[in-house]
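This report covers a ligand site and a helix pair. The sequence and structure come first.

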Amino acid sequence: MTRSLRIAIVGAGMSGLAMAAKLLRAGFSDVVIYESADEVGGTWRDNTYPGLSCDVPARFYSYSFAPNPNWSANFAPGDEIQAYFVKTTSDLGLRRLIRFGTEIESATWDGHRYHLQTTKGEHDYADVLIAATGVLRKPQIPDIEGIAEFCGDAFHSARWDHSVKLRGKKIAVIGTGSTGAQITSALAGVAAPLMLFQRTAQWILPLPRLPYSPLSRTAMRLVPQLNRSSYHLYRELMERIFGRAAVEPGWQRSAVSAVCRLHLQLAIRNPALRQKLTPPDDPMCKRLIMSASFYPSVARKDVHLITEAIERVEQRGIRTTDGALHECDVIVFATGFDARAYLRPMDIIGEDGRSLSEAWAHGVRGYRTVAVPGFPNFFTLIGPHSPIGNHSLIAIAETQADYIVQWLESMRSGVVSSCAPSQEATDEFNSAIRDVMPSTVWTTGCNSWYIGPDGVPETWPWTPAVHRQMLAAPVRAHFHITDGARA
Ligand code: NAP
(Lines give C-alpha, C1' and ligand atoms only; values in the text may rest on other atoms or scores of the structure.)
Protein backbone atom coordinates (compact mmCIF):
# COMPACT_ATOMS: atom_id res chain seq x y z
CA MET A 1 0.00 0.00 0.00
CA THR A 2 1.50 3.35 -0.95
CA ARG A 3 0.65 6.53 0.83
CA SER A 4 0.58 9.96 -0.73
CA LEU A 5 2.53 12.47 1.36
CA ARG A 6 2.15 16.20 1.55
CA ILE A 7 5.53 17.74 2.20
CA ALA A 8 6.07 21.36 3.26
CA ILE A 9 9.46 22.99 3.00
CA VAL A 10 10.04 26.31 4.73
CA GLY A 11 12.47 28.48 2.77
CA ALA A 12 13.35 28.70 -0.93
CA GLY A 13 17.03 29.37 -0.43
CA MET A 14 19.84 27.13 -1.51
CA SER A 15 18.89 24.21 0.77
CA GLY A 16 15.11 24.36 0.26
CA LEU A 17 15.58 24.29 -3.49
CA ALA A 18 17.95 21.31 -3.22
CA MET A 19 15.36 19.47 -1.13
CA ALA A 20 12.53 20.20 -3.55
CA ALA A 21 14.61 19.12 -6.56
CA LYS A 22 15.47 15.83 -4.89
CA LEU A 23 11.84 15.22 -3.89
CA LEU A 24 10.59 15.73 -7.46
CA ARG A 25 13.32 13.48 -8.75
CA ALA A 26 12.24 10.77 -6.25
CA GLY A 27 8.66 11.04 -7.53
CA PHE A 28 7.07 13.07 -4.72
CA SER A 29 4.67 15.55 -6.26
CA ASP A 30 2.66 17.05 -3.39
CA VAL A 31 5.39 19.47 -2.34
CA VAL A 32 4.94 23.07 -1.27
CA ILE A 33 7.68 25.56 -0.46
CA TYR A 34 6.79 28.50 1.77
CA GLU A 35 8.98 31.54 1.18
CA SER A 36 8.51 34.84 2.98
CA ALA A 37 10.31 36.90 0.30
CA ASP A 38 9.31 37.35 -3.32
CA GLU A 39 12.24 35.52 -4.92
CA VAL A 40 14.36 32.43 -4.30
CA GLY A 41 18.01 32.53 -3.21
CA GLY A 42 17.99 33.24 0.55
CA THR A 43 21.33 34.70 1.55
CA TRP A 44 22.31 35.25 -2.10
CA ARG A 45 19.12 37.25 -2.66
CA ASP A 46 19.54 39.29 0.52
CA ASN A 47 23.26 40.06 0.23
CA THR A 48 24.05 42.47 -2.60
CA TYR A 49 26.97 44.37 -1.12
CA PRO A 50 29.85 45.57 -3.35
CA GLY A 51 32.51 42.89 -3.74
CA LEU A 52 30.17 40.02 -2.81
CA SER A 53 31.44 36.70 -4.05
CA CYS A 54 31.65 33.14 -2.79
CA ASP A 55 35.03 32.05 -1.52
CA VAL A 56 34.22 28.38 -2.15
CA PRO A 57 35.22 27.39 -5.70
CA ALA A 58 32.25 27.87 -8.02
CA ARG A 59 32.56 24.47 -9.67
CA PHE A 60 32.01 22.94 -6.23
CA TYR A 61 29.59 25.60 -4.97
CA SER A 62 26.94 24.28 -7.38
CA TYR A 63 24.27 21.60 -7.16
CA SER A 64 25.66 18.20 -8.15
CA PHE A 65 22.47 17.74 -10.22
CA ALA A 66 22.67 21.14 -11.96
CA PRO A 67 26.25 21.72 -13.10
CA ASN A 68 26.95 25.15 -14.50
CA PRO A 69 29.59 25.33 -17.23
CA ASN A 70 29.20 29.11 -17.44
CA TRP A 71 30.76 30.32 -14.19
CA SER A 72 32.82 33.39 -15.07
CA ALA A 73 35.58 32.77 -12.51
CA ASN A 74 36.92 30.27 -9.98
CA PHE A 75 35.15 32.27 -7.24
CA ALA A 76 31.80 33.40 -8.59
CA PRO A 77 30.36 36.86 -7.86
CA GLY A 78 27.20 37.01 -5.79
CA ASP A 79 24.86 38.19 -8.56
CA GLU A 80 25.96 35.28 -10.75
CA ILE A 81 25.24 32.82 -7.96
CA GLN A 82 21.81 34.36 -7.39
CA ALA A 83 21.11 34.15 -11.14
CA TYR A 84 22.13 30.47 -11.01
CA PHE A 85 19.55 29.77 -8.27
CA VAL A 86 16.85 31.65 -10.16
CA LYS A 87 17.62 29.76 -13.39
CA THR A 88 17.85 26.36 -11.68
CA THR A 89 14.48 27.01 -10.02
CA SER A 90 12.90 27.55 -13.43
CA ASP A 91 14.84 24.81 -15.24
CA LEU A 92 13.82 22.15 -12.70
CA GLY A 93 10.19 23.25 -12.52
CA LEU A 94 10.41 24.28 -8.87
CA ARG A 95 8.85 27.73 -9.21
CA ARG A 96 5.31 26.37 -9.37
CA LEU A 97 5.80 24.76 -5.93
CA ILE A 98 6.69 28.02 -4.19
CA ARG A 99 4.28 30.21 -2.27
CA PHE A 100 6.14 33.51 -2.32
CA GLY A 101 5.43 36.25 0.19
CA THR A 102 4.07 33.71 2.64
CA GLU A 103 5.62 33.20 6.03
CA ILE A 104 4.84 30.26 8.28
CA GLU A 105 3.99 31.50 11.75
CA SER A 106 3.46 28.15 13.43
CA ALA A 107 3.47 24.42 12.75
CA THR A 108 1.73 22.13 15.22
CA TRP A 109 1.98 18.33 15.28
CA ASP A 110 -1.38 16.68 16.03
CA GLY A 111 -0.10 13.11 16.30
CA HIS A 112 -0.40 12.47 12.56
CA ARG A 113 0.60 15.60 10.73
CA TYR A 114 1.50 19.28 11.06
CA HIS A 115 -1.04 22.08 10.98
CA LEU A 116 0.54 25.13 9.43
CA GLN A 117 -0.55 28.68 9.99
CA THR A 118 0.79 31.57 7.96
CA THR A 119 1.22 35.13 9.16
CA LYS A 120 -1.62 36.05 6.79
CA GLY A 121 -3.94 33.75 8.74
CA GLU A 122 -4.04 30.97 6.11
CA HIS A 123 -4.04 27.29 7.10
CA ASP A 124 -2.44 24.28 5.49
CA TYR A 125 -1.27 20.86 6.62
CA ALA A 126 1.75 18.70 5.95
CA ASP A 127 2.61 15.08 6.70
CA VAL A 128 6.25 16.10 6.74
CA LEU A 129 7.77 19.47 7.61
CA ILE A 130 11.25 20.40 6.44
CA ALA A 131 12.97 23.53 7.74
CA ALA A 132 15.30 25.09 5.19
CA THR A 133 15.48 28.48 6.85
CA GLY A 134 19.26 28.95 6.71
CA VAL A 135 21.68 29.93 9.43
CA LEU A 136 22.90 33.46 8.78
CA ARG A 137 19.73 35.28 7.90
CA LYS A 138 19.12 37.65 10.81
CA PRO A 139 21.50 40.65 10.54
CA GLN A 140 23.18 41.68 13.76
CA ILE A 141 23.76 45.37 14.36
CA PRO A 142 25.71 45.92 17.58
CA ASP A 143 24.21 47.90 20.37
CA ILE A 144 26.47 50.96 19.96
CA GLU A 145 25.30 54.12 21.69
CA GLY A 146 24.15 56.93 19.41
CA ILE A 147 23.53 55.04 16.15
CA ALA A 148 20.14 56.74 15.81
CA GLU A 149 21.79 60.18 16.01
CA PHE A 150 24.03 59.66 12.95
CA CYS A 151 23.19 62.17 10.21
CA GLY A 152 24.58 60.14 7.29
CA ASP A 153 23.48 56.79 5.87
CA ALA A 154 23.92 53.63 7.92
CA PHE A 155 22.95 50.07 7.01
CA HIS A 156 23.89 46.42 7.54
CA SER A 157 25.91 44.64 4.85
CA ALA A 158 22.99 42.27 4.18
CA ARG A 159 20.56 45.18 3.67
CA TRP A 160 22.65 47.30 1.32
CA ASP A 161 21.09 50.62 0.40
CA HIS A 162 21.90 50.96 -3.31
CA SER A 163 20.41 54.45 -3.45
CA VAL A 164 23.40 55.77 -1.50
CA LYS A 165 26.18 57.13 -3.71
CA LEU A 166 29.58 55.89 -2.56
CA ARG A 167 32.21 57.46 -4.81
CA GLY A 168 34.24 60.08 -2.99
CA LYS A 169 32.31 59.59 0.26
CA LYS A 170 33.85 59.06 3.68
CA ILE A 171 32.84 55.46 4.39
CA ALA A 172 33.20 53.59 7.67
CA VAL A 173 33.10 49.81 7.57
CA ILE A 174 32.69 48.12 10.95
CA GLY A 175 33.80 44.48 11.03
CA THR A 176 36.56 42.48 9.41
CA GLY A 177 34.93 39.08 8.83
CA SER A 178 34.54 37.58 5.34
CA THR A 179 31.96 40.25 4.53
CA GLY A 180 33.97 43.23 5.82
CA ALA A 181 37.04 42.00 3.94
CA GLN A 182 35.14 41.74 0.64
CA ILE A 183 33.53 45.17 1.07
CA THR A 184 36.89 46.74 1.94
CA SER A 185 38.50 45.30 -1.20
CA ALA A 186 35.62 46.60 -3.34
CA LEU A 187 35.40 50.09 -1.84
CA ALA A 188 39.12 50.86 -1.51
CA GLY A 189 39.73 53.59 -4.07
CA VAL A 190 36.00 54.38 -4.30
CA ALA A 191 35.68 55.85 -0.81
CA ALA A 192 37.66 58.90 0.20
CA PRO A 193 38.73 57.68 2.62
CA LEU A 194 37.58 54.22 3.71
CA MET A 195 37.81 53.71 7.46
CA LEU A 196 37.91 50.08 8.50
CA PHE A 197 37.05 49.52 12.16
CA GLN A 198 38.71 46.29 13.27
CA ARG A 199 37.98 44.80 16.67
CA THR A 200 39.92 41.57 16.10
CA ALA A 201 42.34 40.96 13.25
CA GLN A 202 41.65 37.91 11.08
CA TRP A 203 43.89 35.55 9.13
CA ILE A 204 43.74 35.83 5.37
CA LEU A 205 44.56 33.11 2.84
CA PRO A 206 45.56 34.70 -0.47
CA LEU A 207 43.41 32.83 -2.96
CA PRO A 208 43.23 34.93 -6.13
CA ARG A 209 40.10 35.33 -8.23
CA LEU A 210 40.84 33.94 -11.70
CA PRO A 211 38.42 34.40 -14.59
CA TYR A 212 37.55 31.34 -16.68
CA SER A 213 38.37 31.79 -20.37
CA PRO A 214 35.62 31.44 -23.00
CA LEU A 215 37.51 28.38 -24.25
CA SER A 216 37.39 26.62 -20.87
CA ARG A 217 33.68 27.44 -20.53
CA THR A 218 33.01 25.94 -23.97
CA ALA A 219 34.97 22.83 -22.99
CA MET A 220 32.83 22.50 -19.84
CA ARG A 221 29.68 22.84 -21.93
CA LEU A 222 30.73 20.32 -24.54
CA VAL A 223 32.18 17.74 -22.14
CA PRO A 224 29.92 17.58 -19.07
CA GLN A 225 32.20 14.95 -17.58
CA LEU A 226 34.85 17.67 -17.18
CA ASN A 227 32.47 19.67 -15.01
CA ARG A 228 31.61 16.63 -12.90
CA SER A 229 35.30 15.80 -12.47
CA SER A 230 36.16 19.30 -11.35
CA TYR A 231 33.27 19.20 -8.83
CA HIS A 232 34.77 16.07 -7.30
CA LEU A 233 38.31 17.36 -7.51
CA TYR A 234 37.42 20.54 -5.63
CA ARG A 235 35.39 18.57 -3.10
CA GLU A 236 38.35 16.29 -2.37
CA LEU A 237 40.74 19.24 -2.13
CA MET A 238 38.47 21.20 0.21
CA GLU A 239 37.80 18.19 2.42
CA ARG A 240 41.36 16.92 2.55
CA ILE A 241 42.91 20.31 3.26
CA PHE A 242 40.45 22.67 4.97
CA GLY A 243 38.13 19.93 6.24
CA ARG A 244 41.00 18.16 8.00
CA ALA A 245 42.84 21.31 9.08
CA ALA A 246 39.78 22.46 10.99
CA VAL A 247 39.15 19.29 12.94
CA GLU A 248 42.53 17.78 13.79
CA PRO A 249 46.12 18.91 14.21
CA GLY A 250 48.34 17.81 11.34
CA TRP A 251 50.23 19.01 8.29
CA GLN A 252 47.09 20.54 6.76
CA ARG A 253 46.59 22.88 9.74
CA SER A 254 50.30 23.72 9.83
CA ALA A 255 50.34 24.42 6.09
CA VAL A 256 47.31 26.73 6.20
CA SER A 257 48.84 28.51 9.17
CA ALA A 258 52.23 28.92 7.47
CA VAL A 259 50.70 30.32 4.26
CA CYS A 260 48.58 32.83 6.21
CA ARG A 261 51.55 34.04 8.26
CA LEU A 262 53.78 34.32 5.19
CA HIS A 263 51.05 36.18 3.33
CA LEU A 264 50.81 38.78 6.10
CA GLN A 265 54.61 39.10 6.23
CA LEU A 266 54.98 39.61 2.48
CA ALA A 267 51.88 41.66 1.75
CA ILE A 268 52.19 44.20 4.56
CA ARG A 269 55.63 45.81 4.62
CA ASN A 270 54.84 48.46 7.25
CA PRO A 271 55.65 46.83 10.64
CA ALA A 272 53.13 48.95 12.59
CA LEU A 273 50.32 48.08 10.19
CA ARG A 274 51.39 44.43 10.18
CA GLN A 275 51.27 44.41 13.96
CA LYS A 276 47.70 45.75 13.88
CA LEU A 277 46.71 43.10 11.33
CA THR A 278 48.23 40.19 13.28
CA PRO A 279 45.43 38.12 14.81
CA PRO A 280 45.73 37.00 18.43
CA ASP A 281 44.54 33.49 17.59
CA ASP A 282 45.43 30.64 15.24
CA PRO A 283 44.40 30.59 11.57
CA MET A 284 40.97 28.98 11.06
CA CYS A 285 39.86 29.54 14.67
CA LYS A 286 37.59 32.17 13.17
CA ARG A 287 36.33 31.44 9.67
CA LEU A 288 39.31 31.76 7.35
CA ILE A 289 39.08 34.68 4.96
CA MET A 290 40.07 33.94 1.39
CA SER A 291 41.30 37.08 -0.31
CA ALA A 292 44.26 38.16 -2.35
CA SER A 293 43.05 41.76 -2.44
CA PHE A 294 42.35 42.56 1.23
CA TYR A 295 45.92 43.36 2.38
CA PRO A 296 46.75 45.47 -0.71
CA SER A 297 43.52 47.38 -0.07
CA VAL A 298 44.27 47.98 3.61
CA ALA A 299 47.79 49.12 2.75
CA ARG A 300 46.46 51.95 0.53
CA LYS A 301 46.87 55.54 1.70
CA ASP A 302 43.15 56.20 1.35
CA VAL A 303 42.23 53.25 3.59
CA HIS A 304 42.59 53.78 7.34
CA LEU A 305 42.64 50.80 9.67
CA ILE A 306 41.23 51.83 13.03
CA THR A 307 41.80 49.47 15.93
CA GLU A 308 40.74 51.67 18.84
CA ALA A 309 37.42 50.46 20.23
CA ILE A 310 34.26 52.26 19.19
CA GLU A 311 32.82 54.33 22.02
CA ARG A 312 29.74 55.71 20.34
CA VAL A 313 28.27 57.01 17.12
CA GLU A 314 27.66 60.75 16.89
CA GLN A 315 25.92 62.94 14.35
CA ARG A 316 29.04 63.38 12.24
CA GLY A 317 30.78 60.03 12.68
CA ILE A 318 32.25 57.45 15.00
CA ARG A 319 34.00 58.36 18.26
CA THR A 320 36.64 55.88 19.45
CA THR A 321 37.83 55.38 23.02
CA ASP A 322 40.98 57.43 22.39
CA GLY A 323 38.71 60.46 21.96
CA ALA A 324 39.11 60.74 18.16
CA LEU A 325 36.05 61.48 16.04
CA HIS A 326 36.18 59.70 12.67
CA GLU A 327 33.90 61.77 10.47
CA CYS A 328 32.00 59.79 7.88
CA ASP A 329 29.09 60.01 5.42
CA VAL A 330 28.21 56.31 5.42
CA ILE A 331 28.47 53.59 8.05
CA VAL A 332 28.34 49.95 6.93
CA PHE A 333 27.75 47.37 9.63
CA ALA A 334 29.61 44.25 8.45
CA THR A 335 28.99 42.89 11.92
CA GLY A 336 27.59 39.47 11.11
CA PHE A 337 24.41 37.64 11.97
CA ASP A 338 22.53 36.04 14.84
CA ALA A 339 23.62 32.47 14.13
CA ARG A 340 21.26 31.14 16.78
CA ALA A 341 18.05 32.49 15.27
CA TYR A 342 17.63 29.30 13.19
CA LEU A 343 13.91 28.87 12.58
CA ARG A 344 12.76 31.56 14.94
CA PRO A 345 10.38 33.36 15.17
CA MET A 346 8.48 30.44 13.57
CA ASP A 347 6.80 28.46 16.35
CA ILE A 348 7.09 24.69 15.96
CA ILE A 349 5.09 22.56 18.37
CA GLY A 350 5.91 18.87 18.62
CA GLU A 351 4.72 15.99 20.79
CA ASP A 352 2.95 16.83 24.04
CA GLY A 353 2.56 20.46 23.00
CA ARG A 354 6.26 21.16 23.54
CA SER A 355 7.69 23.93 21.39
CA LEU A 356 11.06 23.90 19.68
CA SER A 357 11.98 27.05 21.59
CA GLU A 358 11.39 25.14 24.83
CA ALA A 359 13.34 22.14 23.56
CA TRP A 360 16.24 24.43 22.64
CA ALA A 361 16.02 26.72 25.67
CA HIS A 362 19.37 25.44 27.01
CA GLY A 363 21.14 25.08 23.66
CA VAL A 364 20.43 24.03 20.13
CA ARG A 365 20.55 20.23 19.93
CA GLY A 366 19.69 17.95 17.06
CA TYR A 367 20.23 14.43 15.84
CA ARG A 368 23.02 14.23 13.25
CA THR A 369 22.13 17.73 11.94
CA VAL A 370 18.77 16.65 10.49
CA ALA A 371 16.16 15.90 13.16
CA VAL A 372 15.06 16.76 16.70
CA PRO A 373 13.68 14.39 19.38
CA GLY A 374 10.04 15.00 20.18
CA PHE A 375 9.31 16.44 16.73
CA PRO A 376 8.08 13.61 14.48
CA ASN A 377 8.34 13.96 10.72
CA PHE A 378 10.27 17.19 11.14
CA PHE A 379 13.63 17.54 9.43
CA THR A 380 16.22 20.29 9.28
CA LEU A 381 18.56 21.31 6.47
CA ILE A 382 21.77 23.00 7.66
CA GLY A 383 20.45 22.28 11.15
CA PRO A 384 22.48 22.38 14.38
CA HIS A 385 26.12 21.23 14.07
CA SER A 386 26.07 21.06 10.28
CA PRO A 387 29.55 21.16 8.74
CA ILE A 388 29.83 24.83 7.89
CA GLY A 389 33.04 26.84 7.80
CA ASN A 390 35.14 26.86 4.65
CA HIS A 391 33.11 24.25 2.79
CA SER A 392 30.31 24.15 0.23
CA LEU A 393 27.04 24.33 2.13
CA ILE A 394 25.34 23.11 -1.04
CA ALA A 395 27.12 19.76 -0.76
CA ILE A 396 26.14 19.54 2.92
CA ALA A 397 22.49 20.33 2.19
CA GLU A 398 22.43 17.72 -0.57
CA THR A 399 23.73 15.04 1.82
CA GLN A 400 20.95 15.95 4.26
CA ALA A 401 18.29 16.06 1.54
CA ASP A 402 19.29 12.60 0.24
CA TYR A 403 18.99 11.26 3.78
CA ILE A 404 15.55 12.80 4.31
CA VAL A 405 14.32 11.37 0.99
CA GLN A 406 15.11 7.90 2.33
CA TRP A 407 12.79 8.39 5.32
CA LEU A 408 10.08 9.78 3.06
CA GLU A 409 10.35 6.75 0.79
CA SER A 410 9.70 4.53 3.82
CA MET A 411 6.65 6.65 4.60
CA ARG A 412 5.38 6.55 1.05
CA SER A 413 5.70 2.75 0.92
CA GLY A 414 3.58 2.54 4.06
CA VAL A 415 6.34 0.97 6.19
CA VAL A 416 6.69 4.05 8.39
CA SER A 417 3.98 6.47 9.40
CA SER A 418 6.06 8.81 11.51
CA CYS A 419 9.53 8.97 12.94
CA ALA A 420 11.51 11.08 15.39
CA PRO A 421 15.00 10.47 16.77
CA SER A 422 15.20 9.16 20.31
CA GLN A 423 16.53 11.38 23.07
CA GLU A 424 19.20 8.74 23.83
CA ALA A 425 20.55 8.69 20.25
CA THR A 426 20.51 12.48 20.16
CA ASP A 427 22.33 12.76 23.50
CA GLU A 428 24.88 10.20 22.35
CA PHE A 429 25.53 12.18 19.18
CA ASN A 430 25.88 15.44 21.10
CA SER A 431 28.22 13.97 23.69
CA ALA A 432 30.39 12.46 20.91
CA ILE A 433 30.62 15.96 19.46
CA ARG A 434 31.71 17.41 22.79
CA ASP A 435 34.29 14.66 23.27
CA VAL A 436 36.14 15.42 20.03
CA MET A 437 35.65 19.19 19.98
CA PRO A 438 38.92 19.89 21.90
CA SER A 439 40.99 18.72 18.93
CA THR A 440 39.27 21.17 16.58
CA VAL A 441 40.76 24.52 15.68
CA TRP A 442 37.67 26.34 17.01
CA THR A 443 38.68 25.62 20.61
CA THR A 444 42.15 27.19 20.26
CA GLY A 445 41.04 30.43 21.88
CA CYS A 446 38.95 32.88 19.92
CA ASN A 447 35.42 34.15 19.81
CA SER A 448 33.25 33.74 16.72
CA TRP A 449 29.72 32.89 15.69
CA TYR A 450 30.82 29.22 15.71
CA ILE A 451 30.84 29.26 19.52
CA GLY A 452 27.59 28.53 21.38
CA PRO A 453 26.42 30.32 24.53
CA ASP A 454 28.02 27.61 26.68
CA GLY A 455 31.42 28.21 25.05
CA VAL A 456 31.32 24.99 23.01
CA PRO A 457 31.56 25.33 19.21
CA GLU A 458 28.33 24.53 17.39
CA THR A 459 30.08 23.30 14.28
CA TRP A 460 30.73 19.78 13.00
CA PRO A 461 33.89 18.38 14.63
CA TRP A 462 34.65 15.78 11.95
CA THR A 463 35.28 16.02 8.21
CA PRO A 464 32.36 16.40 5.78
CA ALA A 465 33.09 12.79 4.68
CA VAL A 466 32.05 11.61 8.15
CA HIS A 467 28.84 13.60 7.76
CA ARG A 468 28.13 11.73 4.52
CA GLN A 469 28.84 8.40 6.23
CA MET A 470 26.57 9.20 9.20
CA LEU A 471 23.75 10.17 6.87
CA ALA A 472 24.27 7.46 4.25
CA ALA A 473 21.22 5.55 5.52
CA PRO A 474 18.79 5.99 8.42
CA VAL A 475 19.67 4.02 11.55
CA ARG A 476 16.21 2.85 12.51
CA ALA A 477 17.31 1.85 16.02
CA HIS A 478 17.98 5.54 16.71
CA PHE A 479 14.36 6.49 16.01
CA HIS A 480 10.94 6.14 17.56
CA ILE A 481 8.90 4.89 14.63
CA THR A 482 5.15 4.55 14.26
CA ASP A 483 4.77 1.88 11.64
CA GLY A 484 2.46 2.33 8.70
CA ALA A 485 0.19 -0.56 9.62
CA ARG A 486 -0.59 0.85 13.05
CA ALA A 487 -1.17 4.42 11.87
P1 NAP B 1 31.33 37.69 11.07
O2 NAP B 1 32.26 36.69 10.54
O3 NAP B 1 30.50 37.32 12.25
O4 NAP B 1 32.19 38.98 11.38
C5 NAP B 1 31.64 40.08 12.05
C6 NAP B 1 32.70 41.13 12.23
O7 NAP B 1 32.12 42.23 12.89
C8 NAP B 1 33.88 40.68 13.08
O9 NAP B 1 35.05 41.25 12.58
C10 NAP B 1 33.53 41.25 14.45
O11 NAP B 1 34.63 41.46 15.28
C12 NAP B 1 32.91 42.56 14.03
N13 NAP B 1 32.05 43.13 15.05
C14 NAP B 1 30.91 42.63 15.55
N15 NAP B 1 30.40 43.44 16.48
C16 NAP B 1 31.26 44.50 16.58
C17 NAP B 1 31.31 45.65 17.37
N18 NAP B 1 30.37 45.91 18.29
N19 NAP B 1 32.35 46.52 17.22
C20 NAP B 1 33.32 46.24 16.32
N21 NAP B 1 33.33 45.16 15.53
C22 NAP B 1 32.31 44.30 15.66
O23 NAP B 1 30.29 38.21 9.95
P24 NAP B 1 30.43 38.22 8.36
O25 NAP B 1 31.72 38.79 7.94
O26 NAP B 1 29.18 38.82 7.84
O27 NAP B 1 30.48 36.70 7.99
C28 NAP B 1 29.53 35.81 8.53
C29 NAP B 1 29.62 34.51 7.78
O30 NAP B 1 29.01 34.67 6.51
C31 NAP B 1 31.00 34.01 7.47
O32 NAP B 1 31.61 33.39 8.57
C33 NAP B 1 30.70 33.06 6.35
O34 NAP B 1 30.22 31.83 6.84
C35 NAP B 1 29.60 33.79 5.61
N36 NAP B 1 30.18 34.53 4.48
C37 NAP B 1 30.67 33.80 3.46
C38 NAP B 1 31.23 34.43 2.39
C39 NAP B 1 31.78 33.59 1.28
O40 NAP B 1 32.49 34.11 0.44
N41 NAP B 1 31.48 32.29 1.23
C42 NAP B 1 31.30 35.82 2.34
C43 NAP B 1 30.78 36.55 3.39
C44 NAP B 1 30.21 35.89 4.46
P45 NAP B 1 35.20 40.29 16.25
O46 NAP B 1 35.97 39.38 15.34
O47 NAP B 1 36.03 40.98 17.25
O48 NAP B 1 34.01 39.62 16.86
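## Ligand contacts

How far is an oxygen atom of the ligand from an N or O atom in the side chain of Arg 287? The distance is 3.2 Å. The model is predicted, with pLDDT of at least 70 needed for local features and 80 or more for side-chain atom pairs, while totals for chains, interfaces and linings use all residues. Residues are numbered from 1 along each chain as its sequence is written, and side-chain values use heavy atoms, with hydrogens and water left out.

A ligand oxygen atom also lies 2.9 Å from a backbone N or O atom of Asp 55, and a polar backbone atom of Gly 177 is 3.5 Å from an oxygen atom of the ligand. Of the 910 Å² of accessible area that the ligand has on its own (Shrake-Rupley method, 1.4 Å probe), the protein covers 83%.

## Ligand shell

The ligand is surrounded by 23 residues, each with a heavy atom within 4 Å of it. Asp 55, Thr 179, Thr 200, Lys 286 and Trp 449 are the closest. Helix 4 (residues 178-187) gives the largest share, three residues; helices are DSSP runs (H or I) of at least four residues, numbered from the N terminus.

## Helices 5 and 6

Helix 5 (residues 214-222) and helix 6 (residues 224-247) have axes that come within 4 Å and cross at roughly 105 degrees. Axes are lines fitted to C-alpha atoms over the stretch in contact, with angles from 0 to 180 degrees between N-to-C directions. The two helices are therefore roughly perpendicular, a term for angles of 65 to 115 degrees.

Ala 219, Met 220, Arg 221 and Leu 222 of helix 5 make the contact with Pro 224, Leu 226, Asn 227 and Ser 230 of helix 6, where contact means heavy atoms within 4.5 Å.

Conventions: Polar contact = N/O pair within 3.5 Å; in protein donor to acceptor, adjacent residues only side chain to side chain. Parallel < 35°, antiparallel > 145°, perpendicular 65-115°, else oblique.
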